Amino acid sequence: MIYVLAAIGALTIAVLMWKAFGPVSAGPERSGPRQAPIAPDDDPEFLRRLDEQQRKSRPSEDD
């Protein structure tokens, strides 16, 4: 019985040491603030490129 308790205690200490000194995870709390993705209709660059493409594809109305 004492060996089972010693094994559980050693395992507990090993897990705590691993969590304290083990590899650092790059979880959301450690990676810094997250920035939400921009929808295409809210992205000014996308809208500008779309407008330029439409102008190039449209026949000129000045003729």
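Biologist: By how much of a helical turn are Asp-51 and Arg-55 separated in helix H2?

Modeller: This is a predicted model. An α-helix has 3.6 residues a turn, so residues three or four places apart point the same way. Because Asp-51 and Arg-55 are four residues apart in helix H2, their separation is about one helical turn.

Biologist: How far apart are the closest N and O atoms of Asp-51 and Arg-55?

Modeller: Side chains of opposite charge can pair when their charged atoms come close. Here the cut-off is a nitrogen-to-oxygen distance within 4 Å. Asp-51 and Arg-55 form a salt bridge, and their closest N and O atoms are separated by 3.2 Å.

Biologist: Which residue is exposed, with a relative accessible area of 59%?

Modeller: Exposed means over 50% relative accessible area, and buried means under 20%. Asp-51 has 30%, so it counts as partly exposed. The residue that is exposed, at 59%, is Arg-55.

Biologist: Which residues do salt bridges that share partners join into one network?

Modeller: The side chains of Glu-45 and Arg-48 meet in a salt bridge at 2.7 Å, N to O. Those of Arg-48 and Glu-52 meet in another at 2.9 Å. Through shared partners, the network joins Glu-45, Arg-48 and Glu-52.

Biologist: In which helix do Glu-45 and Arg-48 both lie?

Modeller: Glu-45 and Arg-48 are three residues apart, about one turn of the helix. Arg-48 and Glu-52 are four residues apart, also about one turn. The element that holds Glu-45 and Arg-48, spanning residues 44–57, is helix H2.

Biologist: How many salt bridges does a search of the whole structure find?

Modeller: Glu-45 pairs with Arg-48, and Arg-48 pairs with Glu-52. Asp-51 pairs with Arg-55. For the whole structure, the number of salt bridges found is three.

Biologist: How many of the 20 residues of H1 are buried?

Modeller: Helix H1 covers residues 2–21 and reaches 28 Å from its first C-alpha to its last, close to the 28 Å expected. Helix H1 lies largely in the open, because the number of its residues that are buried is zero.

Biologist: What is the accessible area of the nonpolar patch that includes Leu-5?

Modeller: Leu-5 lies in helix H1. At 52% relative accessibility, Leu-5 counts as exposed. Met-1, Val-4, Leu-5 and Ile-8 form this surface patch, and their accessible area together is about 450 Å².

Note on methods
Residues numbered from 1 in each chain as written. Predicted model: local features only at pLDDT ≥ 70, side-chain atom pairs only at ≥ 80, totals over all residues. Heavy atoms only, no water. Helix = DSSP H or I, 4+ residues; strand = E, 2+ residues; numbered from the N terminus. Expected span 1.5 Å × (residues − 1). Buried < 20%, exposed > 50% of the residue type's maximum accessible area, 1.4 Å probe, protein only. Patch = residues over 30% accessible without salt bridge, like charges linked within 9 Å, V, L, I, M, F, W, Y side chains within 5 Å. Areas by Shrake-Rupley, 256 points an atom, 1.4 Å probe, with all protein chains shown as cover.
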